[in-house]
Amino acid sequence: MLASIDWLKKYVDINVTPEELAEKLTRVGLEVESVNYLGAGLEGVVTGKVTQIERHPNSDHLWICMMDYGSGEFVQILTGAQNVHQDDIVPVAVVGSQLPSGMKLKKAKMRGLDSFGMLCSAEELGIDAKLLLPEQRNGIFILPPDTPIGVDIKKVLGLDDVVLDIDLTANRGDCTNIIGLAREAAAVLGTEFRMPDMSVQETAGGNAAEMAKVDVQAADLCSRFAVRILKNIKIGQSPEWMQKHLRACGMRPISNVVDVTNYVMLELGQPMHAYDYDRVSGHTLIVRRAAEGEKLVTLDNQERSLDSSMITIADTEHAVGLGGVMGGLETEVTADTVNVMLEAATFNGPSIRRTSKALGLRSEASGRFERGVDTVLTHNALNRAAHLLEQMGACETVCGIVEAYPTEAQPAVVKVNPSAINTRIGVEIETGEMISILQKLQFEVHEEGEDLVVTAPSWRYDVTCDADISEEIARMHSYDKIASHMPALPLVQGRQDVIEDVRDSVEDYLASVGLSEVMTYSFIHPCSFDKLELPADDERRRFIEVMNPISDEFKVMRTTLVPSILSTVAYNLARQSESVKIFEVGRTYLPKALPLTEFPVEKRVLCAAMSGKRNVLNWTEGKDNVDFYDMKGVVEGLLSKLQVTDYKLILATQPYLHPGKSCAIEYQGELIGYFGEVHPTVAANFELSSETYVLELAIEPLVAAAVKVPKYKHLPKFPGTSRDIAVVVPLEVSMRELEGVIRANAGELLTDVKVFDVYTGKQVADGCKSMAFNLTFQAGDRTLTDTEIDTVIKNVVDKVGEEYKAKLRA
């Protein structure tokens, strides 16, 4: 926001320098990025009149001008500009003057004649060309004929003004205008604030309500739409003082009617638009959504294609403007315009922003509507514009305003507690000072017991709660008075969740033993459950359907990782990969109820698969395929890495696993995973060309063991010894069962049990098998004797015999 200090001084007394004002505004939240002196570097240039002009005798393009610039003498100045004529009043840089470019004027000789100065163009005066009319951009800057001569050009063109460039936050739309900034300046400086004159004569005949109609059909996009009628318009230039203010704020003067609408927008913050009354069909303005593909030629002479999300201002036949962004070319005010419909409205900010971005069309009006416009003060803008045009003698105003205002805007009323405000801010401010601050900002305040009831002014639509009131008090009290201190919060080390550490350990281990990590989608096809041969009542068939799937192949959230992993194995085998060893740690999604009423249960699961050759083809390696025990070794190694010791591998299976080559993992009385060979039927469903072994393991139950700090254990000072025993047991007895009996009856001296042989054959009875164990014994305080070990061995063999009718094999 560019703010002219000369303009501000019309409405507030400023008793400090521009730099001091900039600092004070910045300290209350209106950050002033720069203080710009418009006439910086321009000295000694005055207005002068061309009293005589003739051609240079030795040049076909130079002119000899005799200039009167109020010194009492006529001065000869030569120029090559072709737009200068006798009696023109122009800027004159006399000898000794300085231009913004740094050039100092000296006496010069041109084709044998002396020149005692220079006639200046707008560019040489440092005026931005975009702020000028096309005819003012080239050649010498011709001033109005009533301009006094001998006057400093900075005063004439407003270049003695100072402009503040203010970077406003998105919530301070109330300060995108001079009046809003003047209010803030008055509160900060403690001086009087004055509103501009908005009186209207209404001397034209007729009544606005009889001459025009307003119809708001999109009330959700337009909360208020008001129109004034102006008759007998006289199009011309606006006064020089108005042009100065417009140029200082970065806008180009065009004509009196257009300049007034822009002036009021910059002054009050209310965007306006003027329509040629006689070119509006039915003299009716309708606020509606645009039809899909509807065309409109805007004021920049560009045809725009609209859609139904955009606000359109239309007459009874077609669109005549793009609400809140830009008017239409067809109803533009021109030199032939006689009567004008002057419109001020409040549009929905998000809708204006979307329209502006969609069309690549951003304007001063759209920027203000995006931040918010004061709905209540719409009439002020219409009256101010009519007042200014009446002052210029450019119109007669019709009595009354015609408008649509379906729902009256209500000011925000907030109850606050002074003690709570002090606690939030961190200082002690007296209740009286709080009231004074709020009243300076034109909030209405009254006390209600220990509380304050605060009514926000209509233009402060950003104030809605007690935190906003606290902010107003804090910034006006001064942030510098709030002592800095360290927050009273304990500092904690930033780190990832524990389960993420466990996941990292799992991934690191599996990668170290030759498995490659894969990442698959969290979505699968419902037929995947059929491929796994899951029964109809299986919990994993209770899946969540995706409303907008990325493709038909990924229509539901996965409840198991197995289909994705098997599909990946099949994909690689089909491309002649001889060995596939992969894993993924991902989430499964199990709904608590269907249809969904709350978030599903997300479980972190490991799924791994092995298929094909055990080793990469090499003359030093075997050519065997992976088998059940390769996967079992991976499982045992992983659990050992995670410090999980009290687990069991038990006989249990899944529909997708081979019933004779699979088992379950039990931990703390709960089944946490399964692994084994893929069932032949399932393998055929997934088109697996080689025997495949798969593991699925829940990660969460392993976290407690994985994060325990390992305890140091001293190496034994005394040697250990081992004994081998072989027992013959029925075929149905598992190794795990025998190992459990051995460990339970061997006492504390037993440190390790290993199976090294399983045999069925001629030397073993039918229905039985021989299992050979290696038992390791060791004591921490002595060397064991044969007698001690023999006693333990005998006890173990006796107990095994009792439990399983086992016999010691010779």
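How many aromatic pairs does the structure hold? The structure holds 7 aromatic pairs, where a pair means rings of Phe, Tyr or Trp (its six-membered ring) with centres within 6.5 Å. This is a predicted model, in which local features need pLDDT of at least 70, side-chain atom pairs count only at pLDDT 80 or more, and totals for chains, interfaces and linings use all residues. Residues are numbered from 1 along each chain as its sequence is written, and side-chain values use heavy atoms, with hydrogens and water left out.

**View 1. F529 and F543 form a stacked pair.** Their centres are 5.5 Å apart, with 5° between the planes; stacked means planes under 30 degrees apart, over 60 is edge-to-face and the rest are tilted. F529 belongs to helix 15 (residues 527–531) and F543 to the loop between helix 15 and strand 28 (556–557), so the pair ties together parts 14 residues apart in sequence. Helices (H or I, at least four residues) and strands (E, at least two) are DSSP runs, numbered from the N terminus. F529 is buried, at 0% relative accessible area; buried means under 20%, exposed over 50% and partly exposed in between (1.4 Å probe, protein chains only).

**View 2. F628 and Y629 make an edge-to-face pair.** Here the ring centres lie 5.3 Å apart and the planes stand at 90°. F628 is buried, with a relative accessible area of 15%, whereas Y629 is exposed, with 60%.

**View 3. Meet an aromatic cluster: W7, W241 and Y263.** These residues form one cluster.

**View 4. The charged end of R183 sits over the ring of W459.** The distance to the ring centre is 3.6 Å. "Over a ring" means that NZ of Lys or CZ of Arg is within 6 Å of the ring centre and within 35 degrees of the ring normal.
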